[in-house]
Amino acid sequence: MMEKKEKKFLTASAHNDVTVVFRENVGSQHYHYKRDNSPHYTVILGSHRNRRLKIEVDGKTVVDVAGSDTRFQNLVFQWLDSNPNCSVRYVGLSSWDRHVGYRNVNVLPLTHNHILLWKQVDCGEYEGEDNSDEEVKDERTDYEKWGLENFLESWELSDVFFIVGTEEKPVPGHKVILQASGNFPLEDEDVIQLQGVAYPILHALLKYIYTGQTQISEPQLGSLLALSSQFQVMPLDEAPHCCAVFPFGLPISAQRLKLLHSIGKYCDINICIEGHGLVAQSHKIILSLWSVPFAKMFTNGMSESSSSEVHLRDVSFEGFKIMLEFMYGGKLHMEDTTDFGSLLLQLLLLADQFGVTLLHQECCKLFLECLSEGWSSLLVDEGHTTSDSVCPILQAVQSIPSCKLIEETCERKFSMHFDYCTTASLDFVLLDEAAFSSIIQHPDLTVTSEERVLNAILMWCMKAKELSGWETVDELMTKLTAELLFEERLQSVNELLPFLERSNLRRHIAVFDNFVKEAIRFIESGSAELGNNQNVRFQHRRSSFKELLYICDGDSNGVLYFAGTSYGEHQWVNPVLAKRIIITASSPISRFTDPKALASRTYQGTSFAGSRMEDGHNSAWWMVDLGQDHQLMCNYYTLRMDGSRAYIRSWNFQGSMDGRVWTNLRVHENDQTICKPGQFASWPIIGPNALLPFRFFRVVLTGPTSDASNPWNFCICFLELYGYLH
């Protein structure tokens, strides 16, 4: 659902319907959209017992369509209000009968570029009356008007022709298009004789095949239906009203078209990619149907016009194969692999390069869907971190005007996970000044320390090749001038807030020195003097994290202890009993497998998680769920051995957002730290993963313990976590 000033994203799961109401004013506990007389939108997903989708505007139904299986689909339905209510300020979420789980609710500003993006989607005419609509019309290009109709009865790229009527008029066609829409006699013939058919009849049939619609006088309708039946073209009275068979509403069987492509039938162009040789045989007409650049390549007298080969450079082989599959089927199919993010980016760039508008839109929607889900498979997986994905995306889409929404979403994600994105890799130093400046000044910028911002700015300014902090820069200043160290990015240093009174940075950069002096005056005089001026430099930058740092084994500074105090509200009680956290084990609860024991402050003589079979292997683990409202960037954890001598040697400490996909935070192999009953032991979490927020944490055995009789019993009686709690 989208209105003109804002865009709204949410994820919902329900047994029956999900109802979303957009209103100008806030509702109430007993609100019902059926009794609402004020302006509002109502979207009912799963109306009529999960069978329909309904959209109402001010109580009047404007959309009522049959539902479908929406699983694994990026886009199910689109609708754009031709006269949007721009005063919507509130969103109401509800359902009939059962509980609905909502997450990822985001309300973001909608700019003119976003209107243009949605304008391109085939969701009906957009007929606003304000100035922005005129601008949208001015920005329309030939790419939006292009289609198979441009090749109707055109000799360009034709490989067959009809001889029609007594005058024997030649009418060109294209074998692959004809055969994908019917059954024409094309096996050994380049000419189809139709002297008994009048030209207007054949023209009407070809227009139907090439455009999805046709016109003919009533007396000639019988002849048209007979000709359609002769060649087994989809009956005209069953013509699709939307892209049900093939994109653009054409009566072409995508299944038949893909079959012709797979067996190389009627192919007239070999596609070669530098470094890969011949990668595919294709049809010039199909490539030209989707792509104006390909059409011009094959029709404007270039070498490819008369050649049966086209050689492409600087083109992703994997991405091009997916684009070719899209051209023949009209649907985007991508497997969720470890290189999903980079492959989707390559595909987006290819779609932009070759002007495949619908594929470009699908890639944009898929990017936005993945980004809106937070730490999704696109952004965080084995070997692919957020900065690994977000920074290349930002670099790539900045030059593509229609990707402005993706650019802004990436900047927002980067700013919200600033600490991680500036330490997981150095890709961010390759961002241009506009992008990096937008991130630094973003209203959602969230950091654990202002020092993180200082370090990131310094690394960006000096185009750092390895991670470093202000101390390194300060030391370099003893040997280099600011001009040599920062080169053309020296000016950006002026935005820094310094932390040190005595610094080479101060001696070489006057603005830096002034900031330090101003900060010192602020500290000495207190906030009363300078705070009245509302100086933004002395306002705390947004931070939504509670710092809970490790001091010593068994201390009271950990997350589980903090949860036991209701997050600082009262005296400590066991957080499992208070239902502040949930602890589970790999084996069922029993006398010696007691989840609340791990959160207690009392030593347990016997406490273990028994083994279970997972993926064909023995597995034993303890898991902590902080709850849906809490996430932790963990930088330390503590375990305590129970009274047995089943010492653990090999195990992993892991984090997860959903309890299913796990990220290793620390791997222990033959770790003999624990060697006594009742012993405490603690370990730091180092590296970029220490800056990833997780809801779930677990310790899982990866090898047998020292107990030969029960080697897969995970024997600990205490667990504590530390870090930054959100």
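Because the model is predicted, local features need pLDDT of at least 70 and side-chain atom pairs count only at pLDDT 80 or more, while totals for chains, interfaces and linings use all residues. Residues are numbered from 1 along each chain as its sequence is written, and side-chain values use heavy atoms, with hydrogens and water left out.

Let's start with strand β11, residues 269-273. Helices (H or I, at least four residues) and strands (E, at least two) are DSSP runs, numbered from the N terminus. In β11, 5 of the 5 residues are buried, so the strand is largely enclosed by the rest of the structure. Buried here means under 20% relative accessible area, with exposed over 50% and partly exposed in between (1.4 Å probe, protein chains only). Both faces of β11 are covered: I269, I271 and I273 lie on one side, N270 and C272 on the other.

Now for the partners of β11. Two strands pair if DSSP finds at least two bridges between them. With β12 (residues 277-282), β11 pairs in the antiparallel sense over 5 bridges, and I271 has A280 as its bridge partner there. The hairpin of β11 and β12 has 3 residues between the strands, and in it G275 takes a positive phi near 90°. With β13, β11 pairs in the parallel sense over 4 bridges; here C272 stands opposite H311.

S316 counts as buried because its relative accessibility is 15%. Its side chain reaches the backbone nitrogen of G319 at 3.0 Å. The S316 side chain also makes a polar contact with the side chain of Q346 (2.4 Å). A polar contact is a pair of N or O atoms within 3.5 Å; within protein, one must be able to donate a hydrogen and the other to accept it, and residues adjacent in sequence count only if both atoms are side-chain atoms. Leaving aside neighbours within four places in sequence, S316 is in contact (heavy atoms within 4.5 Å) with I273, Q346 and L350.

Finally, look at helices α16 (residues 404-416) and α18 (residues 433-440), which pack at an angle of about 50° with their axes 9 Å apart. Axes are lines fitted to C-alpha atoms, for helices over the stretch in contact, and angles run from 0 to 180 degrees between N-to-C directions. The contact is made by E411, F414 and S415 of α16 and A435, S438 and I439 of α18.
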